[in-house]
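Please open the model in your viewer and keep the selection panel at hand. The stops below are meant to be taken in order.

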Amino acid sequence: MSAQHYDYLIVGAGMAAACAAQGIRERDKSGSIGILGDDIDPPATRPALAKKLWLDPAFSLQKIWMRPDQHAGAHLHLQHHVVELDRHECTVRCSNGAHFHYGQLLLATGGKPTLQRLPPSERVLYFRTVSDYRVLRAWSHTDGILHAAVVGGSWLGMELTAALCQQERVRVQWVISQPQPGTDRFPPALCTWLQHAFSTHGVEILSENHVLQGDESEDDVSLILEDGSDISADVAVMCTGIAPCDELAYQSGLAVDDGITVNEYLQTSDPTVFAAGDIAFYPDSRLGRQRVEHVDNAQQMGRCAGRNMAGASEAYTHTPYFYTRLFGLDLKGIGHMSTDLQLICHWKTPPSPGNTPCGVIYYADDDSTLRGIVFINIDDSEAGLTLARQVINTRDSGRPETILKA
């Protein structure tokens with residue numbers, strides 16, 4: 001089979017890939033673009049799958065699609081799983097036998113869920129794709145009460161548990177390894193607030209637990225937990241993190257670490273091959289080398305990679321933000337969130353049952369170097385994020401009152 005040629009070839013069809021196509025077109029209006037995705041769906045705004053699609057009745061599935069193939073000269077090839085990268089011949093090979101030749105290549109393959117004790121199925125969802133959303137949505141519309149077990153205290157686990165427990169006729173049990181939701185990220189008072197919020201919405205939290213064993217039958221999913229208890233649910237949703245899909249890079253001899261190692265221009269150890277999104281292990285100008293799984297990073301890094309593929313030579317200097325919304329708790333921040341760091345809390349309204357907290361949490365090293373800032377229900381957090389980047393960049397942790405007022 002002869003190889004089809006693209007000036008710009010993108011492996012992966014997620015948000016980073018769609019934004020890369022936009023970046024290419026900002027610099028090159030005519031070069032051919034090929035996008036290879038192994039899913040059945042085009043790129044989508046993935047955060048909506050765990051939040052807005054469940055909580056906003058006016059928001060439909062049709063609003064999540066990103067269509068990079070609408071750019072002139074861009075072609076989207078779905079259900080094309082790339083299994084081999086030959087950097088000497090500048091070609092990739094797919095499992096269906098298709099070959100593609102490239103001038104510049106972007107690896108935007110994202111991450112794959114870390115499998116637990118059960119393989120994925122119609123009753124066991126490793127919630128990652130639009131197809132997973134469709135299946136879980138269908139389960140939520142079944143007759144009677146749906147019993148859903150959510151496993152994992154990740155951001156996704158938090159968001160999906162919050163979304164499901166606000167649906168009619170859905171009962172949720174939530175298995176987390178932490179003593180309370182968020183104890184690896186938040187101060188104790190905020191963790192207690194979250195615990196109360198989830199419990200008030202009917203969630204049974206099975207804390208300090210792991211799944212030791214699982215079994216699926218025609219009628220249910222059974223999970224045996226570390227404390228000896230067991231769960232029998234209609235559907236189990238695994239939210240236990242992802243691992244970077246860096247096999248192609250590794251097999252082709254590219255440098256990998258926690259993902260694919262890139263320089264400030266998002267080039268791999270091969271200057272004709274770039275990487276962006278969840279897969280990229282990159283040098284953040286403020287926080288050092290890291291790999292980030294947030295949507296802002298996928299969008300901004302994808303666009304920058306596309307522009308650089310088309311000759312821009314622009315360093316990626318953006319420190320991405322993250323956000324979530326849980327029961328009226330609007331959280332937005334940048335940098336590292338970990339209780340391994342020093343937590344400095346400045347509350348306008350402290351967390352307590354019946355109150356919606358409002359304030360700023362700072363995360364600092366032992367030498368007081370600022371590593372992260374989180375805004376909770378701060379109205380003008382966009383201005384605050386700009387200032388937070390400046391403060392982190394100058395290594396100055398002595399201005400909390402300035403940021404709080406931003």
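Predicted model: local features only at pLDDT ≥ 70, side-chain atom pairs only at ≥ 80, totals over all residues.

Residues are numbered from 1 along each chain as its sequence is written, and side-chain values use heavy atoms, with hydrogens and water left out.

**Helix 1**

Select residues 15-27, which make up helix 1; helices here are DSSP runs of H or I with at least four residues, strands are runs of E with at least two, and both are numbered from the N terminus. The 13 residues of helix 1 reach 19 Å from the first C-alpha to the last, close to the 18 Å expected at 1.5 Å a residue, where the expected span is 1.5 Å times one less than the number of residues. Colour by accessibility next: 10 of the 13 residues are buried, meaning under 20% relative accessible area, with exposed over 50% and partly exposed in between (1.4 Å probe, protein chains only). Among the buried residues are Met15, Cys19, Ile24 and Arg25. The buried residues of helix 1 pack against strands 1, 2, 3 and 6 and against helix 7 (295-309), a contact being heavy atoms within 4.5 Å.

**Helix 1 against helix 7**

On the helix 1 side the contact includes Met15, Gly23 and Arg27, and on the helix 7 side it includes Val295, Gly302 and Met309.

**The sheet 17-18-20-21**

Move on to the 4 strands that form an open sheet in the order 17-18-20-21, with mixed pairing. Strand 17 (256-257) and strand 21 (288-290) stand at the edges, each with a single partner strand, so one side of each has no neighbour in the sheet. Strand 20 (residues 280-284) runs antiparallel to strand 21 and is joined to it by 3 bridges, pairing being defined by at least two DSSP bridges. Pro283 stands opposite Arg289 in strand 21.

**Ile224**

Finally, select Ile224 in strand 13 (residues 221-225). Ile224 is partly exposed, with a relative accessible area of 36%. Its C-alpha is separated by 5.9 Å from that of Val211, 13 residues apart along the chain.
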